[in-house]
Amino acid sequence: GAVRFLVTSEDTGGEWSLVELTEMPGQKTTWHRHNHTDQAYYVLEGVFTAKVEDKVYELPAGSYIFIPRGTPHGQGNFGTVPVKVLLTNTPGGFERYFRDRAELFKTMKPDHPDFKKRLKELRGKVDAEELGVWDGQK
C-alpha cells in the first residue's frame, strides 16, 4: 500500500492527524484497539471492510465510519482492486506508525524471522493494542 501525510500531529499541536491510505487487495490489520485514539475513515475508492466490535461493514466509496477509542476493530481490503481512504486520528500521533513501518520495510523484508516482532513493537509505540488475529469474517 501507500501512505500520504496530509496533516500530521506536528501540524496540529498533537490534536489530530489526517493521512490518505491506499490498501492493496488482501491487506488487513490485526484485531486491535486504540485505547487513547479515536479513528474515522472516509472511503475515496474501492470497498473498505471494517469489523467494529461484532459487526462487519462493507463500505463503498463515499462511506464513513467512526471508531471510538477503546473499541476492538480490524479493517482491510478483501476486494480485487486497491482501496483508498482518508484516516483521521484524534488525538494525533498514530500516523507515526505508518512512517516507522515504511522505514522497517526499507531495512527488513516481511519474510525475515524478526519482521513480525519488529512490526508489533512499532504498533506498541503508537497506541495500538493487539488483541489477536482477524480473518475478515463476521
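Which residues of strand 7 sit on its covered face, and which on its uncovered one? In this predicted model, Ile65 and Ile67 make up the covered face, while Tyr64 and Phe66 are on the uncovered one.

Strand 4 (residues 38-45) runs antiparallel to it, and 4 bridges join the two. Take Tyr64 in strand 7: its bridge partner is Tyr42.

## The largest pocket

The largest pocket holds about 680 Å³, and 28 residues line it. Nearest its centre you'll find Gln27, Lys28, Tyr97, Arg101 and Arg123.

Helix 1 (95-107) gives the largest share of the lining, with 5 residues. Strand 4 is also among the elements that supply at least two residues, as is helix 2 (115-125). Sorted by type, the lining has 14 nonpolar, 9 polar and 5 charged residues.

## Salt bridges

Side chains of opposite charge can pair when their charged atoms come close. The whole structure has 5 salt bridges. One of them joins Arg96 and Glu10 (3.6 Å, N to O). Arg96 lies in helix 1 and Glu10 in the loop between strand 1 and strand 2, so this pair ties together parts that are 86 residues apart in sequence.

Asp38 is in strand 4 and Arg69 in the loop between strand 7 and strand 8, 31 residues apart. Asp38 counts as buried at 16% relative accessibility, whereas Arg69 is partly exposed at 40%.

How values were computed: Residues numbered from 1 in each chain as written. Predicted model: local features only at pLDDT ≥ 70, side-chain atom pairs only at ≥ 80, totals over all residues. Heavy atoms only, no water. Buried < 20%, exposed > 50% of the residue type's maximum accessible area, 1.4 Å probe, protein only. Pairing = 2+ DSSP bridges. 1 Å grid on protein atoms, 1.4 Å probe; cavity = no way out; pocket = protein on both sides within 12 Å on 5 of 7 lines; lining within 4 Å. Points joined across faces, edges and corners; volume = space filled by probe spheres on them. Nonpolar A, V, L, I, M, F, W, Y, C, P; charged D, E, K, R; others polar. Salt bridge = Lys/Arg side-chain N within 4 Å of Asp/Glu carboxyl O.
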